[in-house]
Amino acid sequence: MSSSNNHSKKGTHQHVGTDDCQHLGQTSFDQLELDILQITRLFFLSFHHPESYAWINAYSMAEKRYDKPYGATIANAVLTAINAVCGARGSGLRYHDPQCSICQEYVTPEEQFFIGTLHELRVGNTSVARTMAMHLCEGLDETRTFEAMGQLAQVATDYYAHKIREPTRLNAGKVIMH
């Protein structure tokens, strides 16, 4: 994996060209997918720089964004998908620094294929999703990646189905249904 940053002890950070990157504003990603992107980047950072312990931040972010038990479940599904991708690819992949506000505004081609696969699965475009997974896996066997992304999409669907049916308590005496 490679990142668009330099995590040296001095804390320097360099922005690399974004010629083949897309601004997030030009994507069709919704808030869940943007959150998953950030969680994914934190996991990438933890693989690339284990001393960062960024995996802890990935789980923490997921727990803050999604009610229990879905936060950890979503983070685990993201990690499973990442492991499937890494097992299939013949080379590393690029990601943007999850801790830089400028870098966070762009998506690398690899990030685009990862979140794009999830997006297409969520909207029911399985053939487009499989094609994106093939690109993500560099034309190698995408089966495990596609299955893991399908599980991630299902966990997200389950989360939102659960949230819609569950009441939100404003105070002890009143219940409001979504």
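**Close-up 1. Helices α1 and α2, side by side.** In this predicted model, the axes of helix α1 (residues 31-48) and helix α2 (residues 54-65) come within 7 Å and cross at roughly 160 degrees. Here axes are lines fitted to C-alpha atoms, for helices over the stretch in contact, and angles run from 0 to 180 degrees between N-to-C directions. Helices (H or I, at least four residues) and strands (E, at least two) are DSSP runs, numbered from the N terminus. The two helices α1 and α2 are therefore roughly antiparallel to each other; angles under 35 degrees count as roughly parallel, over 145 as roughly antiparallel, 65 to 115 as roughly perpendicular and the rest as oblique. Their crossing is left-handed, a term used if the near helix is turned anticlockwise from the far one by less than a right angle, with right-handed used if clockwise. From α1, D35, Q38, I39, L42, F43, L45 and S46 meet A54, W55, N57, A58, Y59, M61, A62 and R65 of α2, where contact means heavy atoms within 4.5 Å. Sorted by class, this contact has ten nonpolar, three polar and two charged residues. Ala, Val, Leu, Ile, Met, Phe, Trp, Tyr, Cys and Pro count as nonpolar, Asp, Glu, Lys and Arg as charged, and the others, Gly among them, as polar.

Two notes on reading these views: residues are numbered from 1 along each chain as its sequence is written. Local features need pLDDT of at least 70, side-chain atom pairs count only at pLDDT 80 or more, and totals for chains, interfaces and linings use all residues, while side-chain values use heavy atoms, with hydrogens and water left out.

Close-up 2. On the α1 side, I36, I39, T40, F43, F44 and F47 make the contact, and on the α3 side I74, A75, V78, L79, I82 and N83 do. Those residues divide into ten nonpolar, two polar and no charged.

**Close-up 3. Helix α3 and its residue A75.** Helix α3 (residues 70-88) has 19 residues and reaches 27 Å from its first C-alpha to its last, close to the 27 Å expected at 1.5 Å a residue. Among its buried residues are Y70, G71, I74 and A75; buried means under 20% relative accessible area, exposed over 50%, partly exposed in between (1.4 Å probe, protein chains only). A75 itself has a relative accessible area of 0%. Leaving aside neighbours within four places in sequence, A75 is in contact with F43, A58, Y59 and A62. The C-alpha atoms of A75 and A58 are separated by 6.9 Å, although these residues lie 17 residues apart along the chain.

**Close-up 4. R41, a buried residue of α1.** R41 is found in helix α1. At 1% relative accessibility, R41 counts as buried. Beyond its neighbours within four places in sequence, R41 is in contact with Y95, H96, P98, C103, Q104, Y106, V107 and E111.

**Close-up 5. Helices α4 and α5.** The axes of helix α4 (residues 109-122) and helix α5 (residues 126-136) come within 8 Å and cross at roughly 160 degrees. That makes α4 roughly antiparallel to α5. The crossing of this pair is left-handed.

Note on methods:
The expected span of a helix is 1.5 Å times one less than its number of residues.
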